[in-house]
Amino acid sequence: MEFSALMTSAGINVGLCALFLCLYSILRKQPTNVYVYFGRRIAQEHYRETECYTLDRLVPSPSWILKAWGNTENDILHCAGLDSVVFLRFLVFSIRVFSIATIVCLFGVLPANYFGRDMLHKQIQLESVEVFSIANVKEGSRWLWVHCLALYIVTFSSCALLYQESKNISRMRLAYIRRSPHNLSHFTVLLRSIPIPGGEMLRDTIRNFFRNYHGPSYLSHQLIYRTGKVQKLMSSAEKVYRKFVQLRLPSSNTRQRLYRCGLCGGDKTTPFRFHKNEVDLNEKSIDLTFADIVQAEKDCIAAFVFFKTRYAAAIVSQLMQSPNPTLWVTDQAPEPHDVYWSNLSISYNWLWFRRVLILVTSIAFMFAFLLPVTFVQSLTQLTQMKKMFPFFRDILKMPMVTKVVTGYLPSVILLLFFYTVPPVMMLLSTIEGSISRSDRKKSACHKILYFTLWNVFFVNVLSGSLLTQLNAITRPKDLASQLAEAIPKQATFFITYVLTSGWVGLCSEIMQIFALVYNFIRKYVFKLDDDPELVPTFPYHTEIPKVLFFGLLGFTCSILAPLILPFLLVYFCLGYAVYLNQILNVYVCKYDMGGTLWPLMHNTTVFSMVLTQIIAIAVFGIKLSKFSAGFTILLIIGTLLFNEYCRQRFSSIFTSLSVQDLIEMDREDELSGRMEDIHEELLSGYYKYFPDKDSQKSDKCNGENSDSTIVNPFASNFSQVIKPIRSESL
């Protein structure tokens, strides 16, 4: 690709970015878009726009950047949780690392690449981008030591900054755990695979088991039911009663919403209607027979077991409760608002099969994506494209068309295909059986990251080399050397991908194009009012893989094609401003993963450094520089030792809770008298989070699936009836 084609792609993307940012700075000032651009502040802070109409609303301005920059880390932690702080800190880490890499490589490596051969250079706009890569350095060149030295500087600075971030984030996570004394999940264990009792009721079986083996620490339990006949009976009675209340109070402000349940035999055609009013419905009574209760217990699928202390719950969740590991299975329960109720009905004995099935499906989907990636790579090769589309030969002779097709179009097409990946991976993570929304999002995040690394990086490099050097198939001994030569050549495509997916992607994120269109249709087509419950959560499962992938590009191309580094540095700086603004104004924190995504960021960064060093060894071998290759081997060993030290030092902090912290929090609550209040809250903490489809609407905006069932057959309004069934307390 010529340098002029790269500049054409850069010009198009810079123009789109400027247009989107100008439109955003104007649209955010319009009162009709307040729910699009200030959703979190409305939902949590009851923010309202009070300015009167002025011409300033029609003038673009960068004031939003200054407003976002004025917030401290404590402000972000208070309003958006620890996950947002960890994500933003990784962006700051990337800015620091690639600032160092840009200075070192642009002033050291880039001149060595450009003057690596004795050749007559053309004008800069007519030069090939490859003259700025290591491919332009001749074999046996004495300047290859510059590349090795630059690799050492980038690696050492990255390891030092990564260690410092791991240390700080670990300290923040420990402080986060200590500052959350009323986290009900610390006292709760999810019990599954409950053995069918013989001769006694299920609630008595669970109570007797935990009284027998955990008597001093056991508090109570709550059964979780699958929808069944009793569910239909209670729901129908509640529906009739609510209609009766509505007729008696015609002036009350009621809102009617439609729900459907239908999991494992539930009747999908039976609607559930709930009305929001201030009438106390606990006064009515419904007579349930003993046969109804027995039938309900047959539909029990799991149970929440509550303990008096955090320490006791942690011990129970980590130990086997029976010699048979498939019975009395216990796990640490998620927070009440984080529970993914639909997946609680999945049999524990079938989880392994689901995971294997999802693994096979994910791999098949990754290989199915090879077709569009190969097609995209064919567009970057002009000679190959003329063979594939001979009827376009005359059009492709036009210089401007050639620059747009080879420099801009491939990355756009790949990006459009990639929009199908997050919804598919979220669906697969749901089928996999995660019991919490945060675990489902983390699982989708891992899948999207692996998918991106394979298809956007490795497959692009392989397909690009095979399209230009088909003899690699017939000469497998030279495959490794040909791949090492092809990676620097593919850097031109990655630069255009950073421009399209990175720069323009960030500007479209802050524009909220889909939310803007949805808001317009909702207001002016369907004439519906704004609903704070529709505010989405931050899409970590899509944004973290994107940031990590661009970090991998920065490491692998730092000494091979350093021309990409300024574009990446601009991406990370712009990304920090955009994501900070979105976290503070747009996205709401409905559940917090406690910074547990940091190990993924750390491990991916180390993987990127090791991959860069392996590629460098192959390139140094091709360039006949044994001195540089030998020193790079030592660098790989040092990086792996650094990773092992960090794993031993920090990984346990993100996977388990310390005994010291748990016992100290228990003692503080007992001395202050808060423990009794926590025990009372436990009895209704999970029960009050009745699956409400309205509360899950915002998940649909993030590509998540909402719950499709009600898992407890007794509505909260029938507390007099279900109180003895709901929990058994000492």
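**Chatting through the predicted model**

Biologist: Is strand β2 mostly enclosed or open to the outside?

Modeller: Eight of the eight residues of strand β2 (residues 218-225) are buried, so the strand is largely enclosed by the rest of the structure. Keep in mind that this is a predicted model.

Biologist: Which strand does β2 pair with, and in what sense?

Modeller: β2 pairs with strand β5 (residues 300-307) in the antiparallel sense, over seven bridges.

Biologist: Let's switch to the core. Which residues touch the most other members of the largest nonpolar core?

Modeller: That core has 139 residues, and the ones touching the most other members are Phe 87, Phe 550, Leu 553, Ile 564, Phe 572, Tyr 579 and Met 601. Helix α6 (residues 82-114) gives the largest share, 16 residues.

Biologist: And where does this core lie relative to domain 1 and domain 2?

Modeller: The core lies between them, because both domain 1 (3-181 + 382-416 + 472-637) and domain 2 (184-334 + 661-715) give residues to it. As background, nonpolar side chains in soluble globular proteins tend to be buried together.

Biologist: What does Leu 553 touch, leaving out residues up to four places away in sequence?

Modeller: Leu 553 touches Phe 457, Phe 494, Val 498, Ile 564 and Leu 568.

Biologist: Now aromatics. How many aromatic pairs are there?

Modeller: The count comes to 48 aromatic pairs. One example is Trp 503 with Phe 567: their ring centres are 6.0 Å apart and their planes are at 40°, so the pair is tilted.

Biologist: Which parts does the Trp 503 and Phe 567 pair tie together?

Modeller: Trp 503 is in helix α22 (residues 491-511) and Phe 567 is in helix α25 (residues 565-585), so the pair ties together parts that are 64 residues apart in sequence. Both Trp 503 and Phe 567 are buried.

Biologist: Is Ser 443 buried or exposed?

Modeller: Ser 443 has a relative accessible area of 14%, so it is buried.

Biologist: Last one: where is Ala 486 found?

Modeller: Ala 486 is in helix α21 (residues 479-489). Ala 486 has a relative accessible area of 7%, so it is buried. Its C-alpha atom is 7.9 Å from that of Leu 462, which is 24 residues apart from Ala 486 along the chain.

Technical notes
Residues numbered from 1 in each chain as written. Predicted model: local features only at pLDDT ≥ 70, side-chain atom pairs only at ≥ 80, totals over all residues. Heavy atoms only, no water. Phe/Tyr/Trp six-rings, centres within 6.5 Å; stacked < 30°, edge-to-face > 60°. Helix = DSSP H or I, 4+ residues; strand = E, 2+ residues; numbered from the N terminus. Buried < 20%, exposed > 50% of the residue type's maximum accessible area, 1.4 Å probe, protein only. Core = buried A, V, L, I, M, F, W, Y, C linked by side-chain atoms within 4.5 Å. Domains from an automatic or database assignment. Contact = heavy atoms within 4.5 Å. Pairing = 2+ DSSP bridges.
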